[in-house]
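Subject: A structure for you to look at

Hello,

Here is the structure I promised to pass on to you. Please open it beside this email, and then read on for what was found in it.

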Amino acid sequence: GNIMFCAFFLIEIGLRFLAERRLFFNGPNVRWNVFDTLVVTMSLMAVGFDIKGDASPTQNVVVARILRFSHLLRIMSVARVMRTC
C-alpha cells in the first residue's frame, strides 16, 4: 500500500516538475513544491528501510514514526490540492 502511494506521489511530483520547470523552484507555489518533495523523499526513505528489512528494532520505531509523519504530511498536501480545485 505504502509503495503505491509513494509511486503515485513521485509521479505527481515529476509531472509537476516537468510542467513548471523553473517555476517549480521559483514560482508562487515554491513552498508547497518543497513541502511535497520533502514528503515524498521521507516516504521513499521509509519504504526503502522497509524493503531492506535489516533494520534493528530501534530503527523500526524511527521508520514507523517517519511513516506516520509522512502520511500526515501527505494528507495535508492532498487537502491543499483539493482546496485549490
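Which helix gives the most to the nonpolar patch? Helix α1 (residues 2-20) does, with 4 residues. Before the details, a word on the source: this is a predicted model, in which local features need pLDDT of at least 70, side-chain atom pairs count only at pLDDT 80 or more, and totals for chains, interfaces and linings use all residues. Residues are numbered from 1 along each chain as its sequence is written, and side-chain values use heavy atoms, with hydrogens and water left out.

The overall layout

The protein has 4 helices and 0 strands, in the order α-α-α-α along the sequence. Helices (H or I, at least four residues) and strands (E, at least two) are DSSP runs, numbered from the N terminus. Of the 85 residues, 27% are buried. Here buried means under 20% relative accessible area, exposed means over 50%, and partly exposed is in between (1.4 Å probe, protein chains only).

Helix α3 covers residues 30-52, and its 23 residues should span 33 Å at 1.5 Å a residue. The expected span is 1.5 Å times one less than the number of residues. The end C-alpha atoms of α3 are 32 Å apart, which agrees. Among the buried residues of α3 are F35, D36, V39 and V40.

The nonpolar patch

I11, L15, F17, L18 and F25 make a nonpolar surface patch of about 520 Å². Patches are made of residues with over 30% relative accessible area and no salt bridge; like charges are joined within 9 Å, and nonpolar side chains (Val, Leu, Ile, Met, Phe, Trp, Tyr) within 5 Å. The areas come from the Shrake-Rupley method with a 1.4 Å probe, and for residues only the protein chains shown count as cover. L18 lies in helix α1 and is partly exposed, with a relative accessible area of 49%.

The salt bridges

The whole structure holds 2 salt bridges, each a side-chain nitrogen of Lys or Arg within 4 Å of a carboxyl oxygen of Asp or Glu. E12 and R16 form a salt bridge at 3.5 Å, N to O. Both lie in helix α1, 4 residues apart, about one turn of the helix. An α-helix has 3.6 residues a turn, so residues three or four places apart point the same way.

D36 and R16 are both buried, whereas E12 counts as partly exposed because its relative accessibility is 21%. Together, E12, R16 and D36 are linked in a network of salt bridges.

The cavity

There is 1 cavity of 30 Å³ or more. On a 1 Å grid over the protein atoms alone, a cavity is a set of points where a 1.4 Å probe fits but cannot get out, and lining residues have an atom within 4 Å of a point. Grid points are joined across faces, edges and corners, and a volume is the space filled by probe spheres set on the points. The lining of the largest cavity includes E12, D36 and R74.

Best wishes

Key:
On a 1 Å grid over the protein atoms alone, a cavity is a set of points where a 1.4 Å probe fits but cannot get out, and a pocket is an open set with protein on both sides within 12 Å along at least five of seven lines; lining residues have an atom within 4 Å of a point.
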